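Here's a quick briefing to go with the model on your screen.

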Amino acid sequence: MIATGARQDDALARVERETAALGDVAVMQVAPDQGALITLLTRIQGAHRALEIGTFTGYSAICLARGLADGGRLVCCELSDEYAAIARDNLDSAGVGDLVDIRVGPALDTLAAMDPDERFDVAFIDADKTSYPAYYERVLERLDPGGLLLLDNVLLAGRVLDPADGDDAANAVAGLNRAIEADQRVDLVMIPIADGLTIVRKRR
């Protein structure tokens, strides 16, 4: 189904292949069908300003950038200098590097340092799971009414169903899943693609 359910061009296939060669950390990369969905949602939204929390080697950033409307810009928050450099090369190779501003450092610090008027109409969160509740609130503040917020790994391979004591990531994401369901500021749907993706729309 994946082979015919989403398109993956040579640039994305190369990023996937080279990221897989990095070993265990490759699990942090989004799946091809998920990337295609990110592009489609960004394009449907008509997004001009996009935000990514957690860029890794750039696969999802390429997908976001490709969905932007003419003149659009993507701001990427990445903790690692090493991964930011890899992502920059991959974005340039995919032909979208000039649309992307990569800001290196802790994402919460990057968000706090932004100009108050810097706002977004699409955002994607795929970073350290223990910080998901904080990312959600800080990003929602900067999302325009009617904007979309996408959160990856909301299932954590099923661990969110019964988080174990000491599993900080699962407890944080499970708590946020419950909080979003009760959050009257947003509309939402969780879909079982890859490791779970929640799509949130900020109400007007």
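Start with α3: its buried residues are Pro32, Asp33, Gln34, Gly35, Leu37, Ile38, Thr39, Leu41 and Thr42, where buried means under 20% relative accessible area, exposed over 50% and partly exposed in between, using a 1.4 Å probe and protein chains only. The model is a predicted one, so local features need pLDDT of at least 70 and side-chain atom pairs count only at pLDDT 80 or more, while totals for chains, interfaces and linings use all residues. Residues are numbered from 1 along each chain as its sequence is written, and side-chain values use heavy atoms, with hydrogens and water left out.

**Helix α3**

- Helix α3 covers residues 32–45, 14 residues in total, and its first and last C-alpha atoms are 20 Å apart. That's close to the expected 20 Å at 1.5 Å a residue, the expected span being 1.5 Å times one less than the number of residues.
- Helices here are DSSP runs of H or I with at least four residues, strands are runs of E with at least two, and both are numbered from the N terminus.

**Pockets**

- Pockets and cavities both come from a 1 Å grid over the protein atoms alone. A cavity is a set of points where a 1.4 Å probe fits but cannot get out, whereas a pocket is an open set with protein on both sides within 12 Å along at least five of seven lines. Lining residues have an atom within 4 Å of a point.
- Grid points are joined across faces, edges and corners, and a volume is the space filled by probe spheres set on the points.
- The largest pocket comes out at about 420 Å³. It has 21 lining residues, and Met28, Gly54, Asp126, Ala127 and Asp128 are the closest to its centre.
- β2 (73–78) and α6 (107–113) are the elements that give two or more residues to the lining of the largest pocket.
- That lining splits into twelve nonpolar, five polar and four charged residues. In this scheme Ala, Val, Leu, Ile, Met, Phe, Trp, Tyr, Cys and Pro are nonpolar, Asp, Glu, Lys and Arg are charged, and the others, Gly among them, are polar.
- The second largest pocket has a volume of about 310 Å³. Of its 17 lining residues, Arg7, Ala36, Thr39, Leu40 and Arg43 lie nearest the centre.
- α3 turns up again here: with eight residues, it supplies the largest share of the lining of the second largest pocket. Both α3 and α4 (59–67) supply at least two residues each.
- By type, the lining of the second largest pocket has eight nonpolar, four polar and five charged residues.

**Cavity**

- The count of cavities of 30 Å³ or more is one, and the largest cavity has a volume of about 40 Å³.
- Its lining is made up of Met28, Gln29, Val30, Gly54, Thr55, Phe56, Thr57, Gly58, Tyr59, Ser60 and Asp126, which divide into four nonpolar, six polar and one charged.

**Aromatic pair**

- There's one aromatic pair in the whole structure. Rings of Phe, Tyr and Trp (its six-membered ring) pair if their centres lie within 6.5 Å; planes under 30 degrees apart are stacked, over 60 edge-to-face and the rest tilted.
- The rings of phenylalanine 56 and tyrosine 83 have centres 4.8 Å apart and planes at 80 degrees, so this one is edge-to-face.
- The pair links distant parts of the chain, 27 residues apart: phenylalanine 56 is in the loop between β1 (49–53) and α4, and tyrosine 83 is in helix α5 (residues 81–93).
- Phenylalanine 56 is buried at 7% relative accessibility, and tyrosine 83 is buried too, at 17%.

**Cysteines**

- Cysteine 76 is buried at 0% relative accessibility, and cysteine 77 is buried at 2%.

**Two more spots to check**

- Proline 133 is in helix α7 (residues 132–142) and is partly exposed at 31% relative accessibility. Proline 133 and valine 173 are 40 residues apart in sequence, with 7.4 Å between their C-alpha atoms.
- Arginine 201 belongs to strand β7 (residues 197–202) and is partly exposed, with a relative accessible area of 30%.
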